[in-house]
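Hi,

Here is the structure I promised to hand over. My notes follow below it.

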Number of protein chains: 2
Amino acid sequence: MSTTSNAVSNNQRNAGRTRARILHAAFKEIHRRGFHGMRLDDVLKSTELTKGALYYHFPSKLALGYAVVEEVIEEIVLKLWVRPLNESRAPLKTLIDRVECLDQLVGEPVATLGCPLNNLAQEMSPLDEGFRQRLDRVFQHWHAGLVDALERAKNSGEMHAGVNSTQTATIIMAAVEGCIGLAKSAQRIERLQDCTAALASYLRTLVAKPASTAGS
Amino acid sequence: MSTTSNAVSNNQRNAGRTRARILHAAFKEIHRRGFHGMRLDDVLKSTELTKGALYYHFPSKLALGYAVVEEVIEEIVLKLWVRPLNESRAPLKTLIDRVECLDQLVGEPVATLGCPLNNLAQEMSPLDEGFRQRLDRVFQHWHAGLVDALERAKNSGEMHAGVNSTQTATIIMAAVEGCIGLAKSAQRIERLQDCTAALASYLRTLVAKPASTAGS
DNA sequence: TTGCGTACCGACTGCTCGGTATGTACACTA
DNA sequence: TAGTGTACATACCGAGCAGTCGGTACGCAA
């Protein structure tokens, strides 16, 4: 890791690249079939590598799964939810926009295969504490990003002052995952559109209007 | 099946009861480990039966899974959501009450193991069309029950006239499943309470008040 | 140019688990 | 009371799959 030097050039004997290829292929297989459904042979087939390479970089299938959470899934959540909200000057509007266009942002694979984060959490959290902790950390980062965005919206007057940011962030996460889950159940991306449209219309009730009446 | 006669008395040689025992044990195992995680040997161990009994009543593991959906999970949804709403004179209030007390209604197993319906849907819908259709049917029954309840609430003046019942029913299902999913991820039943409280407060915004202002 | 560590190959193993095949005891009927 | 179908029990099979292990080729240092 310290000797990055030149490298990269040829596609032979590049440890970092090989590791990344395995990781990415494993992510795709886990997304498709779940952690237990992922077959290491399939991962290797798609990378055109063999057992030796895999077990050189990862001590076990479990360790590979953990690495997928920490290095691939975490990054997706940051890229999709945390950073765009953090960088926005109108975070509530940005949030609503992203929810509304969620089907386009995530693409059909997510609509039919589900959210990679939630899939793994649902499959593994009750079974393996190592997975649970790592996945929970990703959820927490997402939640923190939402809370921060809602607080900023509140302070800037973009959102009702009465809104409970923590609770609202939680219900947003629940609803987003629920919407994706329903679309996956139905195996129809249109279901995702219907569902996120409803969620967006709820989020719009949080927007501070000239004459506003705050609920509980 | 036609010769029900007396039967039931002794615990030996009662085909209907044996089948039901297998079905219920299979449901518990599926709830715990998922369909692929369910081991037929474990199901049989908990029922104190053997392979012969299982394969006499069910042609395959898949058929057993289908039967669990059609005969166990469907019934749970009807009992928990459809019938109480259908029998209520104030369906929106009943709905809010049930969402608010969801953690008590479903108990800790659901909070830590997740919703049996949604678990199976998330695991199997992308992989097996037979499961998908059967699970989708259950979701549809739930959805229809919610739509009916919301429509009745609208007609009786319990709920805003402007609410889109179909869309709202969808987002309620999504949010409920999302809440249970988050609680499962965290492996903490308190998370379910936090989450359903937020959902309930949203649902209360649908209640028609003397001086009401309908949103979009 | 040799020596050695890194990066990877591929055949093999042991176990798990769904499914099968054969056997058997009970219940009802005539 | 024998005969037949029902309702199970039990031993076994074979495929699938994570993980192992002896080998190998590349590349850098001295």
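The contact between the chains takes 45 residues from chain B and 45 residues from chain A (two residues are in contact if their C-beta atoms, placed from the backbone, lie within 7 Å). On the chain B side, the helices that each supply at least two residues include helix 1 (15-37), helix 8 (129-155) and helix 9 (165-186). Helix 9 of chain B gives the most, with 15 residues. Helices here are DSSP runs of H or I, at least four residues, numbered from the N terminus. By class, the chain B side holds 17 nonpolar, 21 polar and seven charged residues. Ala, Val, Leu, Ile, Met, Phe, Trp, Tyr, Cys and Pro count as nonpolar, Asp, Glu, Lys and Arg as charged, and the others, Gly among them, as polar.

This is a predicted model: local features need pLDDT of at least 70, side-chain atom pairs count only at pLDDT 80 or more, and totals for chains, interfaces and linings use all residues. Residues are numbered from 1 along each chain as its sequence is written, while chains are lettered from A and ligands numbered from 1 in the order in which they are written.

Helix 3 of chain B gives the largest share, four residues.

Best wishes
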